[in-house]
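The entries follow in the order in which I looked things up.

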Amino acid sequence: MGGGECRSNDYGAAAYWDARYSSPSPSSTATTGGGGGAFFDWYQAYPALRPLLRARLPASSRVLMLGCGNSLLSEDMVKDGYEEVVNVDISSVVIEQMREKHVDIPQLTYFQMDVRDMSLFGDGTFDCVLDKGTLDAMMCGDDAPLGASKMLAEVARILRPGGIYMLITYGCPKERVQLLYQAGSHKKIELYIMPTPGYQLKWSKGVSLAQPIMEEVSLTVDGQLPPDYVLKDPESHFIYICKKPDAANEANSVVANEGETITSK
């Protein structure tokens with residue numbers, strides 16, 4: 001699913017993922033699991049994302065992991081001190097695999113769920129929603145971009161005021177920013193760009209880096225990359241941090257809008 005290409009129209013279907021997780025598949029990790037074989041992290045693993053997560057997300061945060069798959073990201077977060085990570089995935093197969101693996105870790109819970117309908121969760125119940133490739137999968141589905149819009153609307157609903165949606169994606173700003181703003185509640189979007197692990201290893205000449213390469217990039221007023229910006233790695237991953245307005249800002253916005261309406265009469 002990397003490289004900005006949709007290799008299947010079935011990425012939004014449970015049957016596709018059930019079949020995938022029922023068959024052994026190659027993995028970037030050496031850890032093996034039941035049923036579907038090795039565990040696998042799309043795009044970036046926890047060590048690369050840790051500096052940004054620790055800077056933005058207190059360990060006491062209630063975190064929702066969208067499309068968790070058989071990634072070790074949630075487990076690694078708990079090992080690093082995070083107290084509650086709720087995981088959802090459309091595949092009942094992988095949810096059972098991960099429940100079995102983490103049966104003795106109460107900080108991790110797993111639910112089979114379609115991210116286009118997360119009505120099990122109440123409004124404003126999460127401090128952070130993490131998405132590592134799930135929006136990309138939705139954009140490759142048969143119902144794209146409608147399915148992606150439904151998912152983002154649900155993300156906006158279940159985030160508490162002031163909460164953040166952290167999206168790790170191959171989608172550049174011209175492919176993602178407008179969609180994120182259309183969700184209606186993400187008033188502030190910050191962008192970080194991270195080369196792929198393969199590029200970083202090549203750049204460091206095979207030596208593991210103490211800190212991953214990650215660059216904060218200021219978006220233009222229309223939400224795009226600066227015109228003179230050049231990607232070091234054409235396959236780079238884009239990390240969007242979208243903050244939901246807090247209650248006070250929402251109230252001020254309503255008052256300001258009402259004031260404008262009254263004035264215009």
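**Entry 1: glutamate 190.** I looked up the accessibility of glutamate 190 and found a relative accessible area of 16%. Glutamate 190 is therefore buried, as the cut-off for that class is under 20%. The model is a predicted one, and I treat every value here as computed from it. I then located glutamate 190 in strand 8, which covers residues 188–194.

**Entry 2: partners of glutamate 190.** I searched for charged partners and found a salt bridge between glutamate 190 and lysine 188, with 3.8 Å between the closest N and O atoms. Lysine 188 has a relative accessibility of 48% and counts as partly exposed, whereas glutamate 190 is buried. I also noted a polar contact of 2.5 Å between the side chains of glutamate 190 and arginine 56. Setting aside neighbours within four places in sequence, I listed the contacts of glutamate 190 as Arg56, Glu216, Ile239, Tyr240 and Ile241.

**Entry 3: arginine 54 and aspartate 80.** I next examined the side chains of arginine 54 and aspartate 80, which form a salt bridge with an N to O distance of 3.7 Å. Arginine 54 belongs to helix 2 (residues 46–56), and aspartate 80 to the loop between helix 3 (73–79) and strand 4 (84–89), so this pair ties together parts 26 residues apart in sequence. I recorded both accessibilities: arginine 54 is partly exposed at 34%, and aspartate 80 is partly exposed at 22%.

**Entry 4: aspartate 143 and arginine 116.** I found a further salt bridge between aspartate 143 and arginine 116, whose closest N and O atoms are 2.9 Å apart. Both residues lie in loops: aspartate 143 between helix 5 (134–139) and helix 6 (146–158), arginine 116 between strand 5 (108–112) and strand 6 (126–132). The pair therefore ties together parts that are 27 residues apart in sequence. For aspartate 143 I noted a relative accessibility of 26%, which counts as partly exposed.

**Entry 5: total.** How many salt bridges does a search of the whole structure find? I recorded 16, among them the bridge of lysine 188 with glutamate 190, that of arginine 54 with aspartate 80 and that of aspartate 143 with arginine 116.

Conventions:
Residues numbered from 1 in each chain as written. Predicted model: local features only at pLDDT ≥ 70, side-chain atom pairs only at ≥ 80, totals over all residues. Heavy atoms only, no water. Salt bridge = Lys/Arg side-chain N within 4 Å of Asp/Glu carboxyl O. Helix = DSSP H or I, 4+ residues; strand = E, 2+ residues; numbered from the N terminus. Buried < 20%, exposed > 50% of the residue type's maximum accessible area, 1.4 Å probe, protein only. Polar contact = N/O pair within 3.5 Å; in protein donor to acceptor, adjacent residues only side chain to side chain. Contact = heavy atoms within 4.5 Å.
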